[in-house]
Amino acid sequence: MRAVFVLMLLCGILSPSIAQTDDYELGMIIDSVRVSGTENETFALYLPTSYRSEVLSPIVFIFHPGGSGSHGVSLFVKAAEKYGYVLVCSNNNKNGPQQQNFDYTNRLFEHIFSNFNIDNNRIYTAGFSGGSRLATAIAVLTKRIQGVIACGSGFPGNVAPVGIESFSYAGIVGDRDMNYMEMKNNKKLLSALGVSNELFTYGIAHQWPTQDQLVVAFDWLQLEAHKKGLVELDLSELEELYQQALKRAELNYDPKNLVRLHERYERAANNFSSFFGVDSIVQKARSLRATEAFKTQQRQYTEALIKEQELAETYTQKLLEDIEKSKPNAQPWEKRIAKILQQIEETSDPFEKRMFQRIIAQLAVTSYEAAYSRSDSLTLQQLMFCFDVWIYTAPDRPYGYFVQMRNAMKIPDQKLTLNYLERLIASGYKDYKSIANFEPLDPLRNSAEYQEIIQKIKNDNK
C-alpha cells in the first residue's frame with residue numbers, strides 16, 4: 001500500500017506547469033492523455049467550460065471498474081459544469097490487483113499535480129463497483145481526500161475507516177444491487193465513527209448512477225464543503241439547494257415506497273436545519289410516519305432486510321462450499337434459483353421482490369467472480385458448475401451458453417454441447433451468424449442433431 005502515500009507529498013510540494021493545461025479544449029472529453037514518464041498509461045480528461053489555468057480548481061479522480069476512462073468521465077460532466085470540477089479517469093485502473101492499481105494511481109496523481117492547478121483542499125475520488133472500493137481505499141490511506149462518491153460498493157476487505165477520517169462520504173446504491181445491504185451497513189459504521197456521510201438509494205440494479213443522480217450527491221458535497229469553510233455559499237444558494245432537495249424528494253415518488261420518501265424528507269431536514277427553519281419538512285415526515293400505508297411498508301421493508309441477511313449468508317456459504325467439491329452438482333441450484341425467480345414474479349410485496357432480486361444478483365456475482373478470479377485453480381468441472389449457476393440466474397443471457405459450449409467440447413461431450421446450444425436458442429437468441437462462426441461447434445455442424453437444433457434460427461435469419 002506504500003504507493004498511494006506519495007499523494008501526501010504530491011499535494012504539498014509539486015508546482016503545476018500551468019501553461020500546459022491551456023492546450024486542452026474546454027467542455028470536451030479528451031479520451032486519451034498520456035501519463036508522463038509512461039509508455040502505455042493514459043487517462044480521460046474533462047476541463048469544465050469555467051476552467052481557468054491560473055485559478056485553483058477542484059478535481060474528481062474517477063475509477064471505472066472496466067478501465068473505460070471516457071465513459072467514467074462522461075457520467076460526471078453535468079456535476080463538473082455545475083461546480084467547476086476537473087474530471088480525470090484512468091484507462092488503466094480497473095478491477096484487478098490492488099497494488100497494481102495503487103501504482104497506476106500514484107503515477108496518475110503525479111502527472112495531474114505536476115501539470116494542473118489543483119486546489120489541494122478539494123480533491124475528490126469516485127468510482128463504481130471495484131472502482132468504488134479503490135476510491136474509498138485511497139481516501140482512507142492518504143488522508144488528503146475531501147470527499148468520496150462511492151457507487152454500488154463500499155470499502156475493500158483490507159482497508160476500513162477507523163474514525164479519524166476527515167472526508168465526506170456520499171454513497172449511492174440501487175435497491176436491486178447485491179451490495180445494497182453492504183452500503184446500508186457502511187452508513188451505520190461511518191455514522192458510528194463520526195464520519196459525515198449520506199446514502200442515496202435509487203430504483204436501479206448494480207450499475208453506474210445517472211448524471212442527475214450523481215449531481216444530487218455533488219449537491220450534498222457542496223453543502224459539506226460550505227460547512228467545512230472550503231466554499232462560501234450565501235443564503236440564497238443554500239435556499240436553492242434546499243428547495244432542490246425538497247423537489248427531488250417528491251418528484252415522481254413511488255407511493256409503494258414511502259420508506260424512501262421519508263428517507264429523503266429526513267435527509268433534507270438534517271442537512272439544512274443548521275441554516276434555517278425546516279419545520280415544514282419535519283412536519284411532512286411526521287405526518288407520513290403516522291399513515292397506515294407508511295407503517296405497513298416500514299414493517300415490510302424491515303422484514304425483507306432481516307430475511308435477506310439470513311438468505312444471503314446461507315446461499316453464499318453453500319455456493320462457495322459447493323464450488324470446492326471435486327464434482328459439484330448444479331442441479332439443486334437450478335431448483336433453488338428457479339424458486340427464487342418464481343417468488344420474484346409472484347410476491348405482491350415490493351420490498352420482498354427487490355430483496356429476492358438482490359439475492360439473485362449476489363448468486364450471479366459470486367459464481368461469475370469465482371469462475372474468473374480462480375480460473376487457474378479450479379478444475380474444468382468446477383468452472384462449468386460456476387457458469388451453470390450463473391446461467392440459472394439469468395437464462396436469457398447468451399454469453400454463458402457460449403462459454404459452456406466451449407467448455408463442454410473440452411471434455412469432450414458433444415451431447416452436452418448440443419444441450420447448451422439448444423438452451424441458448426430456446427432462450428430467444430436469434431444471432432445465427434455468431435453461432436455459425438463459433439469455432440468450437442465446427443466438429444458438430446454436419447451432425448443431424450446440430451442441424452435439427454439450428455434449423456429454426458436458420459429460418460428466422462433468411
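**Close-up views of a predicted chain**

Of the 462 residues of the chain, 52% count as buried (under 20% relative accessible area, with exposed over 50% and partly exposed in between, for a 1.4 Å probe and protein chains only). This is a predicted model, in which local features need pLDDT of at least 70 and side-chain atom pairs count only at pLDDT 80 or more, while totals for chains, interfaces and linings use all residues. Residues are numbered from 1 along each chain as its sequence is written, and side-chain values use heavy atoms, with hydrogens and water left out.

**View 1. Tyr372 and Phe387 form an aromatic pair.** Rings of Phe, Tyr and Trp (its six-membered ring) pair if their centres lie within 6.5 Å; planes under 30 degrees apart count as stacked, over 60 as edge-to-face and the rest as tilted. By this rule the count comes to 23 aromatic pairs. Here the centres of Tyr372 and Phe387 are 5.9 Å apart with 80 degrees between the planes, an edge-to-face pair. Tyr372 belongs to helix α13 (residues 350-373) and Phe387 to helix α14 (residues 380-393), so the pair ties together parts 15 residues apart in sequence (helices are DSSP runs of H or I with at least four residues, numbered from the N terminus). Phe387 is buried at 5% relative accessibility, whereas Tyr372, at 40%, is partly exposed.

**View 2. Trp390 meets Tyr399 edge-to-face.** Their ring centres are 6.0 Å apart and their planes stand at 85 degrees. Trp390 is buried, with a relative accessible area of 9%, and Tyr399 is partly exposed at 38%.

**View 3. Ring pairs link six residues into a cluster: Phe76, Tyr85, Tyr124, Phe128, Trp208 and Phe218.** Two of these, Phe76 and Phe218, are also among the residues that touch the most other members of the largest nonpolar core, which has 125 residues. Such a core is a set of buried Ala, Val, Leu, Ile, Met, Phe, Trp, Tyr and Cys residues joined through side-chain atoms within 4.5 Å.

**View 4. Arg336 lies over the face of Trp333, at 4.5 Å from the ring centre.** A charge sits over a ring if NZ of Lys or CZ of Arg is within 6 Å of the ring centre and within 35 degrees of the ring normal. The charged end of Arg354 likewise sits over the ring of Phe351, 5.1 Å from its centre.

Methods. Helix = DSSP H or I, 4+ residues; strand = E, 2+ residues; numbered from the N terminus.
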